Amino acid sequence: MRSTRSLLRWARATRPVSRRTVAVFGAGVAGLTAAHELAERGFAVTVYERKAIGGRARSTPPPGLDVALPAERGLRIRPGLDRNLTETMRRIPFPGNPNGCDDNLTSASSHRHTAVISGCRDRLPITPTEFIGAVAGVLGESGLSPGEASFAARKLGVYATSCEERRLGQWEYASWGDYVRIEGSSPAYRRVVADGLIRHLTPLRSGEVSAHSVGVVAESSVWSGMTTGRHDDRVLNGPASERWLEPWARHLRRLGVRFEVGWELSAFDTEGRDVVAATVTDRAGGRRTVESDWYVSAIPVDKFNNVLTDRMISTDSGLAGVRRLRTRWSSALQFYLREPVPATTGPVHHLDSPWALTSVSPARFWPGGMTRYGDGTVQDCLSTIVSDWSSPGMFDKRPAKACTPAEIAAETWAQVKAHLVEQGTVLRDEMLHSWRLDPAVIGSGTSGAYHDEPTFVPGPGSWSNRPASATGFGNLFLAGDWVRTDVNVASLEGANEAGRRAVNALLGAAGAGSPVAVHEPVRPAWADPFRVIDRGRYRSGLRNVFDVTDTRASG
């Protein structure tokens, strides 16, 4: 007589694809990507989501205000990096757009040196020396001394010519701050190369994130700017939910995807190396059993740890490292304004702000601005990301975690005003219509404060703890920006890539359907021969040929 496990495997293998069921947990970018690819290949997909479709990428209307104003979290698409995400967006139909939701992205350049990098197209750097020289020229325009600009450019050249083994075996275990050697550097170097560059890529500080994670993004962004002339970010021309996520959900429903919103994954029932069922729970404590052929967990790492059991780890030891992965608070604070922000057109990185602030005025990229929302009195919005919740404020002198929402808003507004004044932009208090803190911040200012949607931290050495999309369970697959991906940094692109990889692992196990294309971040082709050379040097215990001594003191 067959066991339950063998019966499950037999059923999965023999049932027609159109009747093979997949339960996807989480309707963020990773879950929506997995559902999209699976539905196109004929699987019957049901997505379970605890809050709202779109996850952290969604727009959220502010509660308690008299007018309905969208709240954004600063979505930015980076050239050379977000290749999988934009390919998916092109396949999401949008009325009047030949390229779907991708046509809703518009340029948001705030980079003073776009023209310098774009000028490289006249003669592309084809050697490490030329590449380093071009990057040093750009950094020199940022106020760095010739010695510091040359050193920072050389460190980027070292990463570009490093083999994959060195990237994972050496640079993955160094923080970005150590890699670029911020100790003893000038304030300008710290602002531009250390935390300044980090802030543009991810809401972390240079000592928290691995050099490998930053290197991937920096390499692809810089080289893409040199080859295409596009070194600017792109942002949506309207609220994320309206211009991207709601059309995506509608398209998935047309493909047959079912959404069950309000249900949170709370447990897996396993037998041997198979998941035989899952349990989902609603906010009232109601429980449902979900039985499916295949399971894709696309929930954040902190939520996955809530369902990860010792029994699961004993079956798949590769999941043990998940418990060692870290998260941190990072939340958007919206300032709704009665007048347009007289600021730069793109993201503004408040490099000296103690709360690690980054701001963007998304409405300036929206036709009609914000006046078509609410009662028309709000003309603009300053969406500000608060990334450091533990350092003392500039004026209040308390960390954000210890402040009430009103105190957080007051301190953040004061910090933004102070830093924009240095750039020649004056914000007046009478411009402020209202503000709204991310509702994922719960109980701030109390002893029980917590963040319901924290950000994954790709810290030094975290790669070894991050699982692959395929697990030791034959019908369970993982997606999310915290699993192993080429982009290697917490981002929408990482989530999209992880969703694709989870589907490919599932297709391999199911023996059905064509694989999903997974596009690597852009890399300079001229560095290929040097990476081959570096592989031999790394295996021989030698440093990268371009990684010489720190010569900044002589600059």
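**Close-up 1. Where helix α5 touches helix α6.** In α5, the residues F131, I132, V135, A136, L139 and G140 meet A149, S150, A152, A153, R154, L156 and G157 in α6; contact here means heavy atoms within 4.5 Å. Sorted by class, this contact has nine nonpolar, three polar and one charged residues. For the sorting, Ala, Val, Leu, Ile, Met, Phe, Trp, Tyr, Cys and Pro count as nonpolar, Asp, Glu, Lys and Arg as charged, and the others, Gly among them, as polar. Keep in mind that this is a predicted model, where local features need pLDDT of at least 70, side-chain atom pairs count only at pLDDT 80 or more, and totals for chains, interfaces and linings use all residues. Residues are numbered from 1 along each chain as its sequence is written, and side-chain values use heavy atoms, with hydrogens and water left out.

**Close-up 2. How α5 and α6 cross.** Two packed helices are described by the angle between their axes and the distance between the axes. For α5 (residues 128-140) and α6 (residues 146-160), the angle is about 135 degrees and the axes lie 8 Å apart. Axes are lines fitted to C-alpha atoms, for helices over the stretch in contact, and angles run from 0 to 180 degrees between N-to-C directions. The pair α5 and α6 is therefore oblique: under 35 degrees counts as roughly parallel, over 145 as roughly antiparallel, 65 to 115 as roughly perpendicular, and the rest as oblique. α5 passes α6 in a right-handed crossing. A crossing is right-handed if the near helix is turned clockwise from the far one by less than a right angle, and left-handed if anticlockwise. The helices named here (H or I, at least four residues) and the strands further on (E, at least two) are DSSP runs, numbered from the N terminus.

**Close-up 3. Helix α2 beside helix α11.** Here α2 (residues 29-40) packs on α11 (residues 240-254) at about 30 degrees, with 10 Å between the axes. That angle makes α2 roughly parallel to α11. The crossing of α2 with α11 is left-handed. From α2 come V29, L32, T33, A35 and H36, which meet W244, L245, W248, H251 and L252 in α11.

Close-up 4. α2 and α15 pack at an angle of about 40 degrees, and their axes are 8 Å apart. The two helices α2 and α15 are therefore oblique to each other, and their crossing is right-handed. On the α2 side you can find V29, A30, T33, A34, E37 and L38, and on the α15 side L492, A495, N496, G499, R500, V503 and L506. Eight nonpolar, three polar and two charged residues form the contact of α2 with α15.

**Close-up 5. Helix α15 from end to end.** At 1.5 Å a residue, the 19 residues of α15 (residues 492-510) should span 27 Å, and the end C-alpha atoms are 27 Å apart, which agrees. The expected span is 1.5 Å times one less than the number of residues.

Close-up 6. Seven bridges join β6 to β7 (residues 274-281), and F268 has A278 in β7 as its bridge partner. Four bridges pair β7 with β8, and T279 stands opposite T289 in β8. β7 and β8 form a hairpin with five residues between them, and G285 in the turn has a positive phi of about 95 degrees.

**Close-up 7. The sheet of five strands.** Look for the order β12-β13-β14-β11-β15 in this open sheet, again with antiparallel pairing. β12 (348-350) and β15 (432-437) are at the edges, each with a single partner strand, so one side of each is left without a neighbour in the sheet. Neighbouring strands are turned by 20 degrees against each other on average, direction ignored. Five bridges link β11 (residues 331-337) and β15 in the antiparallel sense, with L333 partnered by L437 in β15.

Conventions:
Two strands pair if DSSP finds at least two bridges between them.
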